[in-house]
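Have a look at the sequence and the fold, then try each task before reading its solution.

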Amino acid sequence: MKALRVTAAGLLLAACATTAVAAVCYCTAPLISLPKNALTWKVVPGTNNNVTYANVQGDILGNGAYEAFVSFRPGVNNGYHTHTETLPTVVLSGVFYARIKDKNGKLVETEYPAGSYYQLPAGLEHESGCKMTAKKEPCLLFQYQRNHFDLNPVPRQGGLRNRRTPFRLHPGCEYRNGRPACHPLRSAARPRSRGVVAVRSG
């Protein structure tokens, strides 16, 4: 009986200690407060000012987890591609779109106006971009991933030729005069590749 009481007391102390630690961790979590005028917007290199971003946590073009706002000018098309990590996104303004193959292999377009949400699974082949609407409104997105953002081009068939995508593919790389240029210290472990945007031949 004495051993049982000791064990019960030990479990109670352990539970209290766990609760205390959890409370401390919760209470010491940093406050993140970024009003609109506190965001720092930057141009994604090599996009001719068509794509800009504002980091909230981490760095969308760096390594590791991040949260960021991304803005696309209307008419921007990101080409046919995949992402290494799952990509959850909230559309805040404009009309974004994604074209994904159905079970018959046909590309089906879904529009995401302001207030929409989608989550693209890692490795899903798709095409995306910002609709050119009558208001010519940019697409403002909020997205986050557990690791850095990337855009891996996927060649398409059917009389299409490739040219570079307007979005940078890997951290440390950008396009200069139509050719990828990478900073060796930041991208030594990543392949230097070119993006694709579908353009009909002829």
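This is a predicted model: local features need pLDDT of at least 70, side-chain atom pairs count only at pLDDT 80 or more; totals for chains, interfaces and linings use all residues.

**Exercise 1.** Work out what the phi of N49 is, where N49 lies, and whether N49 is buried, partly exposed or exposed.

Solution, step by step:
- Start with the backbone: N49 is not a glycine, yet its phi is positive, at about 65°.
- Finally, check the surface: the relative accessible area of N49 is 43%. Partly exposed covers values between under 20% (buried) and over 50% (exposed), so N49 counts as partly exposed.

**Exercise 2.** Do likewise for K136: find its phi, its place and its exposure.

Solution, step by step:
- K136, a residue other than glycine, has a positive phi near 50°.
- The loop between β9 (126-130) and β10 (139-145) holds K136.
- With a relative accessible area of 59%, K136 is over the 50% cut-off and is therefore exposed.

**Exercise 3.** Describe the surroundings of N77: which strand holds it, is it buried or exposed, and what lies 2.6 Å from its side chain?

Solution, step by step:
- N77 belongs to strand β4, residues 77-82.
- Its relative accessible area is 15%; buried means under 20%, so N77 is buried.
- A polar atom of the N77 side chain lies 2.6 Å from the backbone nitrogen of G79.

Definitions and conventions
Residues are numbered from 1 along each chain as its sequence is written. Side-chain values use heavy atoms; hydrogens and water are left out. Buried means under 20% relative accessible area, exposed over 50%, partly exposed in between (1.4 Å probe, protein chains only). Helices (H or I, at least four residues) and strands (E, at least two) are DSSP runs, numbered from the N terminus. A polar contact is a pair of N or O atoms within 3.5 Å; within protein, one must be able to donate a hydrogen and the other to accept it, and residues adjacent in sequence count only if both atoms are side-chain atoms.
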